[in-house]
Amino acid sequence: MSDSSGQTDVTEAGAAPLDDALPQHVERVLAGYLDRRRADVLGVDPAVAQIADALAGFVLGGGKRLRPTFAWWGWRGAGGDPRSEHAQGVLTAIASLELVQACALVHDDLMDASATRRGRPTVHVEFARTHAANGWSGPAARFGAAVAILAGDLAQVWADDMFHSAALPEGAHARAAEPWRAMRTEVLSGQYLDVLAQASGDTTEATALKIDRFKTAAYTVERPLHLGAAIAGADPQILGAYRRYGGDIGVAFQLRDDLLGVFGDPRVTGKPAGDDLREGKRTLLIASALQRAEQRGDRAAHDVVTGALGHPEPDLERVRAVLSELGAVQTVEQRIAALTGSALDALDAAPVAEPGRSHLFELAERATRRAW
């Protein structure tokens, strides 16, 4: 149908406008795409559909749709019109970010040996159980790991296919190529730095922040915003503001996640409390605590923190108390506040269109002050 200006309303009959129900529209586009791609693997062999089904269950089984949301409001803030003929194409392009996210999470869960994600068994655990239940040959854990690698790879391949198949305005794919390429390289680089820090025992604050910058911030906020702006053909001033806002809010988002990883409620976060400690994550929270313990000459506090890293059953209450007493929690909270302020200053100074501006201010609040 058309409105009084003659523009096409691209939402489906009876559906809410794209701005007002964005997560639901992202979900709808993802479900349709994954269903169509399932037919492709079904044509190879019905057994392969098990991986496609696991991936679809993972993608559609939860998540905040944060990356597409930042990309959408980046597009809107750069002048994108949700009632234009290209809006559905933009929706398809930004929904592909959820498949990039799925790849990262499935592989991350495997590397971290995480048992649950969003309150459900992780992909490698689910397929290890399938192996064991069927009495197949070989180690069940190895089979689960192999399938998780393949499922993550499939998510990355389909993300690329989905993005490049989106019906975007002329020149938009070429403009968006830079953030799309950079995002995928940055998240893999950040992931390697994280693995390296855990193996080498690097507990410096600089390394922790670099991991946050590339493993999380770049593909969670900065590049999705950049992607949306590039699709809209944004001017350099908006692009620069988005890059600064995205980098700062993305790091602040990860720092909040680090706090929740130790202090969060599993019923809210969907992950067991203390998982970051069990996995030996060298977060800014940990780096700050160790630095403060060394400065004070507090060997007991230092030993509590280092002893918890990689321990299968860390004494959470004791670790939490030490992190608070050392002032590490306050340090991270102050860093979150400073980064959020810097990000909002950058956004405030740029000619970002409404309602994109207001939504990006709101998203900064949600991403950095959340309890989930």
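Trainee: How much space lies in the largest pocket?
Mentor: The model is predicted. Of the 46 residues lining the largest pocket, those closest to its centre are Leu105, Arg117, Gln254, Asp257 and Lys271. The space in this largest pocket is about 970 Å³.

Trainee: Which element gives the largest share of the lining of the largest pocket?
Mentor: The elements that each supply at least two lining residues are α3 (66-77), α5 (97-112), α8 (172-200), α9 (205-232), α10 (236-263), α11 (266-269) and α12 (275-278). The largest share is 7 residues, and it comes from α9.

Trainee: How many residues in the lining of the largest pocket are charged?
Mentor: The lining of the largest pocket holds 14 nonpolar and 11 polar residues. Arg117, Asp257 and Lys271 are among the lining residues closest to the centre, and Asp, Glu, Lys and Arg count as charged. The number of charged residues in this lining is 21.

Trainee: Which element gives the largest share of the lining of the second largest pocket?
Mentor: The second largest pocket has about 160 Å³ of space. Its lining includes Ala54, Gly57, Phe58, Arg117 and Glu126. Two or more lining residues come from each of α2 (49-60), β2 (120-121) and α6 (123-134). The largest share, 3 residues, comes from α2.

Trainee: What span is expected for α2 at 1.5 Å a residue?
Mentor: α2 has 12 residues, and the expected span is 1.5 Å times one less than the number of residues. From its first C-alpha to its last, α2 reaches 16 Å, close to the expected 16 Å.

Trainee: Which residue with a positive phi follows α2?
Mentor: Within α2, the buried residues are Ala49, Ile51, Ala52, Ala54, Leu55, Ala56, Phe58 and Val59. Their cover includes α1 (22-44), α5, β1 (116-117), α6 and α7 (140-165). After α2 comes a residue with phi near 150°, Gly62.

Trainee: Is Leu316 buried or exposed?
Mentor: Leu316 lies in helix α15 (residues 316-325). Not counting residues up to four places away in sequence, Leu316 touches Val262, Ala273, Gly274 and Leu277. The cut-off for burial is under 20% relative accessible area. Leu316 has 15% relative accessibility, so it counts as buried.

Trainee: How many Å apart in space are Leu316 and Val262, C-alpha to C-alpha?
Mentor: Val262 is one of the residues that Leu316 touches. In sequence, Leu316 and Val262 are 54 residues apart. In space, C-alpha to C-alpha, Leu316 and Val262 are apart by 7.6 Å.

Note on methods:
Residues are numbered from 1 along each chain as its sequence is written. This is a predicted model: local features need pLDDT of at least 70, side-chain atom pairs count only at pLDDT 80 or more; totals for chains, interfaces and linings use all residues. Side-chain values use heavy atoms; hydrogens and water are left out. On a 1 Å grid over the protein atoms alone, a cavity is a set of points where a 1.4 Å probe fits but cannot get out, and a pocket is an open set with protein on both sides within 12 Å along at least five of seven lines; lining residues have an atom within 4 Å of a point. Grid points are joined across faces, edges and corners, and a volume is the space filled by probe spheres set on the points. Helices (H or I, at least four residues) and strands (E, at least two) are DSSP runs, numbered from the N terminus. Buried means under 20% relative accessible area, exposed over 50%, partly exposed in between (1.4 Å probe, protein chains only). Contact means heavy atoms within 4.5 Å.
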